[in-house]
Every structure is written in C-alpha cells, then in structure tokens.
Number of protein chains: 2
Amino acid sequence: MHKTIYISAPATIANLVCGFDVLGLALESPSDPMQLSLSETDGLRIHHTDNYALPLAPEKNVAGAALLALMQEWGKPIGLDLVIHKTIKPGSGLGSSAASSAGAVAGANHLLGNPFSKEDLVRFAMNGEKVASGVKHADNIAPCIYGGVTLIRSIHPLDIVPIEAPPMHVTVVHPQIEVRTSDARQILRKEVQLKNAIRQWGNIAGLVAGLMKGDYNLIGRSLEDVIIEPVRSILIPGFDEVKKRCLEAGALGGGISGSGPSIFMLNEHRQTAKTIEKIMQEIYTRLGIEHKTYVTAVNHHGVRLSDKPFTEPTH
Amino acid sequence: MHKTIYISAPATIANLVCGFDVLGLALESPSDPMQLSLSETDGLRIHHTDNYALPLAPEKNVAGAALLALMQEWGKPIGLDLVIHKTIKPGSGLGSSAASSAGAVAGANHLLGNPFSKEDLVRFAMNGEKVASGVKHADNIAPCIYGGVTLIRSIHPLDIVPIEAPPMHVTVVHPQIEVRTSDARQILRKEVQLKNAIRQWGNIAGLVAGLMKGDYNLIGRSLEDVIIEPVRSILIPGFDEVKKRCLEAGALGGGISGSGPSIFMLNEHRQTAKTIEKIMQEIYTRLGIEHKTYVTAVNHHGVRLSDKPFTEPTH
C-alpha cells in the first residue's frame, strides 16, 4: 500500500458576470500540480513546495480541511501524504483555494476506489473554502470538480447543475494588486433595485440559453452585470479601459474573476484571445502595474488525475 | 381582393414564477377566435362579438393599436376588417390583451404575404399592450407569437430568446375576483435584498437549464419565486392552500399567472393536471369564489392561422 496519484487542479472563474454567486467555469490553465499518496502511517500530512507560506496544519490548510471532511465520512483510518505546489496565486480571484481543496478530495477519492460522487466531493471541498474565506462557497469548487460551466442553483440544499457550453477561449489578466475577498463583499449593497435585478436575471437566463444553444452572439449579449461589476470594478485600476478595449477587439464579454483583481474575457476564437492579451499587457504596462496574463480555454473535464507526474502545465 | 384569414390567438402565462418580467409561455387553451379580412375600403374597422364592451376605435383597442403600428410600417394604404370574439377574459392574468394584439398582427402579416418577421410582429403588438396597461410589455406577446416558452432578455433593445421545453400539462384556475395590474405593480417594493435576488437568478438559470435539458425534476426544483410571489399572493384568496396542495399532489410547480388572479401549475403528466384541477375547484367552491379552470398544455406553435373558421377551441 504505497499508491500515489498525481493531480492537476485547474483555476476557475466564479461570479461569471451576471451569474454572481451561482455560475462558474473551469480553465485549462493555470493549474496546480499536486501529489497524494496512501501511507501506512495513519493521519494526514501536508507539504507545500511553493513559497506562499500557507499553513500546514491540516485543519488550517484548505486542502487539509477538505480531506479531513472526506476522511471523516470514509470512517476507516487511513494515512495520506499530500504535496502541493501552488501555481495559482492565492488572492488572484482564480479559485486558488478551491483548486487545492477540490484537487485533494478528487485525488483521495481515486485512491480509495471512487466511493464518493462528484457532489460528495464538492461537499467535502466546501470545508476548504470555509477555512479560506469563512464561508462555504461552491462556485469555484463545482466547476473545478465537474469541469465546464456549472450552476449552483442552491447551496442549502446543494444543487449543482452542469451547463453545456461550446468551446471558448479565455484571456485572463491578473494585475498584481491585492483585493481582499472580505473587502469586495463589504462594498456591495445589501439591497438592489428590482429593475436591476430583473435585468440581471434576464441576462443570466440568456447566458444559460446561449451556452446550451452554442449561440456565441447570445452569450455575448447576455454577458452584462448591472449589479456587482459597477461597484466592485472601482477596486481594480484599469478595469473600465480593459473591458471597453477588449469588447472593441471582439471579445464576447467578460468581467471580474471571482472577487478580483483578475479580469477575464471570453472569446469565440483563439486569435481574438491572443489579441486581447496584448491589449491587457499594454494597459497594465502603461499603468505601471505588474501583471500576469493567460490565454487559455474552458476546461471541460475538471481536475485531472494521472499515475505519472504532469510534466508541464496543461494548456 | 376579399381575402379572409381565421385566427386562433392563445392565452399566455407571463411572469413565469422566478422569471418575473422576462419569461412567458403559451397555452393551448383558452384561445380567442378572430377573423381578419382585406377590404377595398381603406382603413381599419373593428367589431367585437363578445360582451366585454371593449373600445372599438382602432387607436383605443389593443388589437387596433397593434394593427395601426403594422399598417404604418407597411406604408401602403390597405383596408382591414377585424372581428374579435374574446373568450380569454380581460383581467384574468392570462394575456387577454396580448392575444388580441398578437393574433391581429399575425393575421395581417399573413394577408400581406408575410413581409414581417416574428420580432417585427412582437414590436407591433407591444403597441396594443401599451393601450391596455400603459407599458410596452412583451412577456405575453412573445410566447403568443413564437409559441412555447420565451425569454425577453431585454426590452431595449428587444431581444427575444425562444427556450426549448419538453411537453408539459398546465392546470389553470381563474378565481373571478379583480386584481388590477396597476395595483399588483404598486404593491411591489422597488428594492429587493441582494441575497433574494441571487436566489432568484439561481432559480431562473436552473429553470432555463431544466427546460432545455427536458429535466422535469430540475424544472420543479427551480420553480420558486422568493421576491414577487410572497408579496402579490396576498391579493389572491386561497393562493397558499392551492399551491401547497397542488405540490403535494405532484405538480412540478407554479404560481401567479401574469399579475393574477389566475394561478397555474405545470405538470409532467396529464393525469396530475386533472387531479390538480379538482383540488383547485374544491378549494374555490369551499371559499365561495366563482372560478373557471382549464386543463391544457404548453402550446408550441403560437397563434394559429387557417383559411377556414376554427370550429371549436383548440385543446
């Protein structure tokens, strides 16, 4: 009993424009390589090979908290050694903690012979999100586990609906500034105008229909957020210019990834996604803000597992 | 030039539970028979064979206002004689005015050789809704013209998205009380809690996905309105009991049709729809409120046209 599974846990975009708190999607890159091994020594040990100084005590580590939930439901004593190398930067708005939690429980499920459903895995991984942000969110975890675009129709009870989506290319820019999730949440008003809420639910209905029909034009028309983005985007320098110029260059639409500061744009064609990357780089270089960009695609499979190490980032 | 077209214009349900102001569906019955004839005498003449004492001056009649908009865009002088026999009671919440407007312009378009698109027809018919309620709504007109379930993603600009839906049986009860659309609108708060709005847009996303997947269970789970129904249902005696008992009897879900007072329930099976009709009748009989019920189905074709009179209601 010394089995090891190699894991590639993808970045995810939550709060998909008009789908605040309910719609997310998985990306091909960046992704975190992880390694989980069954051990003859009971209990859970976590090792980080990155330099983010994340807590290693299982109950304080997001992957650890997720695995502890799984181990408790499994019931029998097991030993697990987890090695994490984070490439998805914590605080980027790209679902860093969700990747750790979801990757860990997907790997453990495989090592145990797949006793758990995808919904179970989301449930376990939500304990990791609670460690990270104090709240049991599922909107990054669900796309990380299921792949593609997922709807969290309800948290209590948990109701995850995979939404079919056509191929899409995604450009992401991560301006290296800090936006705390708690700040991003506090800035939101607790009440919204009914007329804006109506416009928002017209848009999310259009977005779901556009994704399932594979109608890029309808997807583009529906990628509008009249409630969250106007408030939160003020925390992200350059946001308005990025969005305006990317739309002019042919992006379908996009917005703030998670609670920021990353900004993403969805595109029908890879060439547009690359043009847009240059626009994003040009804007943040001019603003003097360090940044990292990704040109990637929607990931339709979620966490990848392999008996051999992933030699390079999958994208 | 003395061509006549016979029209059957269906009732519609707007404000489809969580889809307030954006989602509607067409019913097989009730429907209004209409008759539209080209005449050698220019202008528009309207005749009602029902007893609702509706205005006959074209600019004050909902079908008239719709036809005038079409005639203006057509540009050339034409003569039209319209005969309307309303069976969809005005003020029932079943899209009575939309049926008149939509039926009239669909018939005229046929007589003129179909120069106009469905979207054009919706645009013309919205002038009828303006006469009826002071506002250019499209959420009854669009399903009346397109059939099935339609999403009005946006009014300005007009963006109509037909949503594929599986076969569904619909039970409707129209308690014969008056709920004025203007009252039903004034009772709504202008602001709503963000957490309720999020729940609502999770539900409408789930409903659209459920309809397009043909997943009756997901449709049922998503038929929840946490914003409008709790406020408006107090205007409809018996509402809570009707809803509770219909759900217990196996209805997928339902709610207020339009701004009421009619209540509808969607069902997977016709037998359930008939069981539910009995429950509705029992409740309103006990409450001593006159009522009319319909057991019908989603109408997937919209307005019907024929060269011969419709001999009986289509259902």
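1. V170(B) stands opposite L266(B), a residue of β10(B), and this bridge belongs to the antiparallel pairing of strand β7 (residues 169-175) of chain B with strand β10 (residues 263-267) of chain B, which extends over five bridges. Pairing here requires that DSSP finds at least two bridges between two strands, while the elements themselves are DSSP runs numbered from the N terminus, with helices being H or I over at least four residues and strands being E over at least two.

2. The model is a predicted one, in which local features need pLDDT of at least 70 and side-chain atom pairs count only at pLDDT 80 or more, whereas totals for chains, interfaces and linings use all residues. Residues are numbered from 1 along each chain as its sequence is written, with chains lettered from A and ligands numbered from 1 in the order in which they are written.

3. In chain B, the order β9-β10-β7-β11 describes an open sheet of four strands with antiparallel pairing. The edges are taken by β9 (253-256) and β11 (291-297) of chain B, each of which has a single partner strand, so one side of each is left without a neighbour in the sheet. From one strand to the next, the twist averages 15°; such angles run from 0 to 180 degrees between N-to-C directions, and the axes are lines fitted to C-alpha atoms, for helices over the stretch in contact.

4. Two helices of chain B should be read together with this sheet. Helix α9 (residues 239-248) of chain B lies across β7, β9 and β10 of chain B and runs at about 10° to β10(B). Helix α10 (residues 270-287) of chain B packs on the sheet by touching β7, β10 and β11 of chain B, and its direction makes about 10° with that of β7(B). Contact between two residues is taken to mean that their C-beta atoms, placed from the backbone, lie within 7 Å.

5. Chain A also has an open sheet of four strands in the order β9-β10-β7-β11, with antiparallel pairing. Within chain A, four bridges join β9(A) to strand β10 (residues 263-267) in the antiparallel sense, and G255(A) has F264(A) of β10(A) as its bridge partner. Helix α9 (residues 239-248) of chain A lies across β7 (169-175), β9 and β10 of chain A, at about 10° to β10(A), and helix α10 (residues 270-286) of chain A lies across β7, β10 and β11 of chain A, at about 10° to β7(A).

6. The domain assignment, which is automatic or taken from a database, divides chain A into domain 1 (4-164 + 299-306) and domain 2 (169-297). The C-alpha centres of these two domains of chain A lie 24 Å apart, and their contact takes 23 residues from domain 1 of chain A and 31 residues from domain 2 of chain A. On the side of domain 1 of chain A that touches domain 2 of chain A, strand β2 (residues 23-39) of chain A gives the most, with five residues. That side divides into 11 nonpolar, nine polar and three charged residues, where Ala, Val, Leu, Ile, Met, Phe, Trp, Tyr, Cys and Pro count as nonpolar, Asp, Glu, Lys and Arg as charged, and the others, Gly among them, as polar.

7. Chain A can be laid on chain B with an RMSD of 0.0 Å by a turn of 180° and a shift of 0.0 Å along the axis. This is the relation of a two-fold axis; the superposition is by least squares on the C-alpha atoms of residues with pLDDT of at least 70 in both copies. Of the interface residues of chain A, 100% are also interface residues in chain B, so the copies meet through the same surface.

8. The contact between the chains takes 34 residues from chain A and 34 residues from chain B. On the side of chain A that touches chain B, the elements giving two or more residues are β5 (149-154), β6 (159-163), β8 (191-193), α6 (194-213) and α7 (216-222) of chain A, and α6(A) supplies the largest share, 13 residues. The residues of that side divide into 19 nonpolar, eight polar and seven charged.

9. Is G91(B) buried or exposed? G91(B) is buried, with 21 other C-beta atoms within 10 Å, given that buried means 20 or more such atoms within 10 Å, exposed 12 or fewer, and partly exposed in between, with C-beta atoms placed from the backbone. G91(B) is found in the loop between β4 (79-84) and α2 (96-111) of chain B.
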